[in-house]
Amino acid sequence: MYFFRINRLLGIIGILLVPFYSFSQAPVVEFDFFMEFVGEDVDSVVVDVVISQPDTEDVYVYVINEVSSNATIGYDFEMPSPYELIIPANHPGPVSFTIYIIDDDVIENNEAIMLAIESVVGGSAITGMEAEHVIWIEDNDECEVSIMNTDTSFCTTSPSITLIGNPSGGTFSGEGVIGDAFYPQLCPPGEVTIHYIVNENLCEDTASKQVMVNICSNVEDYLLEDVRVNPSIFLDVVQIELADIPITSIELSILDMNGRLVYHQTMNSKVEQLDLGFIAPGIYNLLIQGSEFQITRKIVKK
Ligand SMILES: [Ca+2]
Ligand SMILES: [Ca+2]
């Protein structure tokens, strides 16, 4: 009889204790604070997880890929292997994880790494005030537009060079510039300015570079006057005469102002009659190229 009563009494006490017992055993595993800001040039960030009440199951920290401004793993940051992000069941104390920040050269908005804590078995047993942690990576790359090429002096006979702009993706312009190439042979001798314009969302600026195009070596003997164009403004037929230039392997080319070749022939005599009735009225560059020299002059079609 007494045994039955004691048993029943213990049962009632047990029922009364269950909510308290469950509450007291609920794991409290959380980040030490919610948000932090770091520069892109820091090497790493240490994230601390505090454990007020250990979980009875393994718990892991993972990245939530939900926000549009998310930093990208492998490009913006690196994490230890997922297995190193696990907090073993019943782990008593705080745990620290290291997130490695990658310092790139890309101009971008600030980007976030969102971390969360979750039970391995998928339960939502984790309670705590800071179930998520956000690391904002502040971009340290500034918009600095420049032309990277270092050559500042060319001959009128120099071959074309590929222009390199920083950051890439911009547009070059200026005399002798076609696309991303600079053709000294299309420039008159003297100072020439090359422009580079970048117009992107996070970077809008212009850079300019002055270069000299000089008449060098063999060209000195053959001046512009040695190329005689008759009439100076032509309708259909134009006569090209090379006064004091020996006729050996001389190529004659006509390019429009965008650098497109509209006519080409080899010169076989000192005087050539060109029928250019098929080209549109406008200004063209006449290129006279020998094996060791090159002369450019403008011609005009009515
Ligand atoms: Ca980045
Ligand atoms: Ca960057």
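## Strand β26 and its partners

Ile233 stands opposite Val300 of β26 in this predicted model. The pairing behind that contact joins β20, residues 233-234, to β26, residues 294-301. These two strands run parallel, and two bridges link them.

Val300 has another bridge partner: Ile283. Here the strands are β25, which covers residues 282-289, and β26. Their sense is antiparallel, with eight bridges between them. So β26 takes part in a parallel pairing with β20 and an antiparallel one with β25, as strands of a sheet can pair either way through backbone hydrogen bonds.

## The four-strand sheet

An open sheet is built from four strands. Their order is β11-β18-β17-β14, and the pairing is mixed. β11 (153-155) and β14 (171-173) are the edge strands. Each has a single partner strand, so one side of each lacks a neighbour in the sheet. From one strand to the next, the twist averages 30°.

Phe154 has Val213 in β18 as its bridge partner.

## The protein as a whole

The protein has 302 residues, of which 20% count as buried.

Definitions and conventions:
Residues are numbered from 1 along each chain as its sequence is written. Chains are lettered from A and ligands numbered from 1 in the order in which they are written. This is a predicted model: local features need pLDDT of at least 70, side-chain atom pairs count only at pLDDT 80 or more; totals for chains, interfaces and linings use all residues. Two strands pair if DSSP finds at least two bridges between them. A residue is buried if 20 or more other C-beta atoms lie within 10 Å of its own, exposed if 12 or fewer, and partly exposed in between; C-beta atoms are placed from the backbone. Axes are lines fitted to C-alpha atoms, for helices over the stretch in contact, and angles run from 0 to 180 degrees between N-to-C directions.
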